[in-house]
Amino acid sequence: MGDNRQSFVHHTLGGGSVADVLLWRRWCASVTLLVSSTALWILFERAGYNVLSFVANVLLLLVVILFFWAKSASLLNRPLPPIPDLEVHEESVVKAADMMRVWINHVLMIAHDIAIGGNLKLFVKVSLVLWLISYVGSFFNLLTFIYMGILFSLSVPLLYDKYQNQIDDKLIIAQKIIQTQYKKIDDNVLRKISRSSNKEKKTQ
């Protein structure tokens, strides 16, 4: 049962190296991600360091090191820096473009249903989600939001992997409560609004 639970969570996260990192199966990589993201957040958020200046300085230092390494290697008959061929493969670009296309088409379909189809329920759901994002974003800037996302990504899947049965029970109860409240709103508000709008269309 435990193996099935772990394989289910691992498969849900993609089943690759990313899933191993998020589930702390690659302990070294998980710790590296946590420590590096925390260091960057402290550097930019608390120390007030500028992101653009940091990237430029790191690239400048890297270029200087590689340049003098290559020059000294030619003078001292040493091997050149072990730099692989820097090239973006066409397959990677095609995969990224396909994923972006799916997401963009999904967003455009939602926008079409709201603007053209007049889907009131979808409009309310999207409005609530956007309002929630805006409300949460008023407390944090983008960098802190990304850092919190990394912390949640490294903690929530691991906790769910260990306590899936207990969490599923709580989620089922919460889902029933949300469905009950949504049904009340749907019956008392949304359907009345949709009926009134349909009557107005018929009269026109």
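I began with Tyr135, which counts as partly exposed because its relative accessibility is 43%; buried means under 20% relative accessible area, exposed over 50%, and partly exposed in between, with a 1.4 Å probe and protein chains only. I noted that the model is predicted, that local features need pLDDT of at least 70, that side-chain atom pairs count only at pLDDT 80 or more, and that totals for chains, interfaces and linings use all residues. Residues are numbered from 1 along each chain as its sequence is written, and side-chain values use heavy atoms, with hydrogens and water left out.

I placed Tyr135 in helix α6, a helix here being a DSSP run of H or I with at least four residues, numbered from the N terminus. I then found Tyr135 in a nonpolar surface patch with Trp131, Leu132, Phe139, Phe140, Leu142, Phe145 and Ile146, together giving about 890 Å² of accessible area. Such a patch takes residues with over 30% relative accessible area and no salt bridge, joining nonpolar side chains (Val, Leu, Ile, Met, Phe, Trp, Tyr) within 5 Å. At least two of the patch residues come from each of α6 (120-137) and α7 (142-162).

I looked next for salt bridges, meaning a side-chain nitrogen of Lys or Arg within 4 Å of a carboxyl oxygen of Asp or Glu, and the structure holds one. Asp20 pairs there with Arg26, their closest N and O atoms being 3.8 Å apart. Asp20 is buried because its relative accessibility is 15%, whereas Arg26, at 45%, is partly exposed.

Terms used
Patch = residues over 30% accessible without salt bridge, like charges linked within 9 Å, V, L, I, M, F, W, Y side chains within 5 Å. Areas by Shrake-Rupley, 256 points an atom, 1.4 Å probe, with all protein chains shown as cover.
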